[in-house]
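Colleague: I am new to this one and would like to learn how to read it. Could you walk me through a few features?

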Amino acid sequence: MEFTISEEWKERVVYREQGASFTFDCAWGVKPHTVFVPSAAYWPQATPAWMHDRRDEIIGRLRAHLGARYVIEEFEKSDTGRRQWVTVLAARHSDGSVPGEWIAVLMDPDETATPPRLLDARTAQSVLR
């Protein structure tokens with residue numbers, strides 16, 4: 001079965017085969033880089049059905065492709081549930097103060113499940129508190 005593995009911006013490794021893909025989160029600000037994979041117990045919940053019985057095969061392919069440049073670290077399902085990522089965009093004055101107009105973007109952790117929501121300043125402030 002043909003497959004590809006690519007390191008893509010920003011901090012992710014994408015595994016593809018036969019028109020399907022799965023994105024593994026990474027940490028590139030450390031040496032060696034880290035790629036996070038679901039633990040054996042969490043794998044069936046965190047991956048699509050076509051990957052369920054193939055964990056060892058896919059992780060073996062990751063290890064062969066990424067070599068010593070990456071460490072593979074397992075993670076368990078978070079006890080806190082799904083988290084939203086928040087990106088705040090604002091202009092700064094030369095004195096460091098932020099004017100009243102800014103925007104926060106809330107995104108789903110896998111960045112593909114739902115499109116980002118753009119919030120006005122009042123709503124974003126209430127979310128960030």
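Predicted model: local features only at pLDDT ≥ 70, side-chain atom pairs only at ≥ 80, totals over all residues.

Colleague: Let us begin with Ser 21. Where is the place of Ser 21?

Modeller: Ser 21 belongs to strand E3, which covers residues 20-27.

Colleague: Which residues is Ser 21 in contact with, leaving aside its neighbours within four places in sequence?

Modeller: They are Val 14, Tyr 15, Arg 16 and Trp 50.

Colleague: Now the charged side chains. Why can they pair?

Modeller: Side chains of opposite charge can pair when their charged atoms come close.

Colleague: How many salt bridges does the count come to here?

Modeller: The count comes to eight. One of them joins Glu 7 and Arg 69, with their closest N and O atoms 3.1 Å apart. This pair links distant parts of the chain, 62 residues apart: Glu 7 is in strand E1 (residues 4-8), and Arg 69 is in the loop between helix H2 (55-66) and strand E5 (70-75).

Colleague: And how accessible are Glu 7 and Arg 69?

Modeller: Glu 7 has a relative accessible area of 34%, so it is partly exposed. Arg 69 is partly exposed too, at 42%.

Colleague: What about Glu 17 and Arg 61, whose side chains meet in a salt bridge?

Modeller: There the N to O distance is 3.3 Å. Again distant parts of the chain are linked, since Glu 17 sits in strand E2 (residues 12-17) and Arg 61 in helix H2, 44 residues apart. Glu 17 is buried because its relative accessibility is 6%, and Arg 61 is buried at 15%.

Colleague: Which residues do salt bridges that share partners join into one network?

Modeller: Start with Arg 54 and Glu 57, whose side chains form a salt bridge at 2.9 Å, N to O. Arg 54 is buried, with 15% relative accessibility, whereas Glu 57 is partly exposed at 33%. Through shared partners, salt bridges join Glu 17, Arg 54, Glu 57 and Arg 61 into one network.

Terms used. Residues numbered from 1 in each chain as written. Heavy atoms only, no water. Helix = DSSP H or I, 4+ residues; strand = E, 2+ residues; numbered from the N terminus. Contact = heavy atoms within 4.5 Å. Salt bridge = Lys/Arg side-chain N within 4 Å of Asp/Glu carboxyl O. Buried < 20%, exposed > 50% of the residue type's maximum accessible area, 1.4 Å probe, protein only.
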